[in-house]
Amino acid sequence: MNETIQTLVNHRSIRKFLDTRLTEEQVHCIIQSAQSASTSSFIQAYTIIGVTDPELKSKLASLAGDQPYVETNGHFFVFCADLRRHRYAAELEQTNVAASIESTEKFMVAVIDASLAAQNAAVAAESMSLGICYIGGIRNQLQEVSDLLHCPEHVLPLFGLAVGTPSADTDLKPRLPMENIYHENLYNDDSAKWMNELRAYNETIADYYEKRSGGTRRDTWSGQISRMLATPKRLDMQQIITAKGFMHR
């Protein structure tokens, strides 16, 4: 255990921030940390949009499902898959890269690059005693978010990251046991083992919610996930992605 690992294992999502803007130095440190993340073949296929305009943040909060912490925070970052600059790079070299940019593989590269950068940003923020919350809700109305942020072809908003000074702390939510996540050498698809581990984890999560709610909620992980997955959501995603010039091949 060291300071870096302590920061990582103490992560929790913060959903109440003081209305205090991050300093320019803090923002630069977070972006610099994001840019230091690993990137596939040095392609750096992402863009980060910092949203500070109150009106824009209010509109994003509404589009993301009326989440107040999208509007009230120290800084709101939107991480985008971005292969547009690569088209410009190819123009400089008089090379046709359309087939690559429109491939599913390069879309996956852009999504992974953006996610790695975002996690570096999150850890950097938490190391400065700031709180963070990932916002997948911007994909609820993705086309509207893309239009609002003026994202052109080959640029797709993926998720937001609210960062700020916490106004209230939250309890550490227990993760799945390590043996449920980590398999050595081969995937271990032992249904009896899965069921036993999930039942035990359900008890852990139920106890967590019961304690956090003062006895008014006792929910299980499998119950939450099953309810969530029972109704497919955001079924327009493929159409929006392909309209942006991704995943044609």
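Cys151 counts as buried, at 8% relative accessibility, where buried means under 20% relative accessible area, exposed over 50% and partly exposed in between (1.4 Å probe, protein chains only). The structure is a predicted model, in which local features need pLDDT of at least 70, side-chain atom pairs count only at pLDDT 80 or more, and totals for chains, interfaces and linings use all residues. Residues are numbered from 1 along each chain as its sequence is written, and side-chain values use heavy atoms, with hydrogens and water left out.

**Cysteines**

Cys80 is likewise buried, with a relative accessible area of 0%. The sulfur of Cys80 is 4.5 Å from the closest cysteine sulfur, in Cys151, which is too far for a bond. A disulfide is a pair of cysteine sulfur atoms within 2.5 Å, and by this rule the count comes to 0 disulfides.

An open sheet of 4 strands has the order 1-2-4-3, with antiparallel pairing. Its edge strands, each pairing on one side only, are strand 1 (46-51) and strand 3 (131-135). From one strand to the next, the twist averages 25 degrees; axes are lines fitted to C-alpha atoms, for helices over the stretch in contact, and angles run from 0 to 180 degrees between N-to-C directions. Strands of a sheet pair through backbone hydrogen bonds, either parallel or antiparallel. Here two strands pair if DSSP finds at least two bridges between them. Strand 1 and strand 2 (residues 75-82) pair in the antiparallel sense over 6 bridges, and Thr47 stands opposite Cys80 in strand 2. Helices (H or I, at least four residues) and strands (E, at least two) are DSSP runs, numbered from the N terminus.

Strand 4 (residues 155-164) contains Leu158. This leucine, Leu158, counts as buried at 8% relative accessibility. The C-alpha atoms of Leu158 and Val111 are separated by 7.6 Å, although the two residues are 47 residues apart along the chain.

**Helix 1 and the surface**

Leu8 lies in helix 1 (residues 3-9) and counts as partly exposed, at 42% relative accessibility. Together with Met1, Ile5 and Val9, Leu8 makes a nonpolar surface patch of about 390 Å². Accessible areas come from the Shrake-Rupley method with a 1.4 Å probe, and for residues only the protein chains shown count as cover.

**Accessibility of the residues discussed**

| Residue | Relative accessibility | Class |
|---|---|---|
| Cys80 | 0% | buried |
| Cys151 | 8% | buried |
| Leu158 | 8% | buried |
| Leu8 | 42% | partly exposed |

Definitions and conventions:
Patches are made of residues with over 30% relative accessible area and no salt bridge: like charges are joined within 9 Å, nonpolar side chains (Val, Leu, Ile, Met, Phe, Trp, Tyr) within 5 Å. A salt bridge is a side-chain nitrogen of Lys or Arg within 4 Å of a carboxyl oxygen of Asp or Glu.
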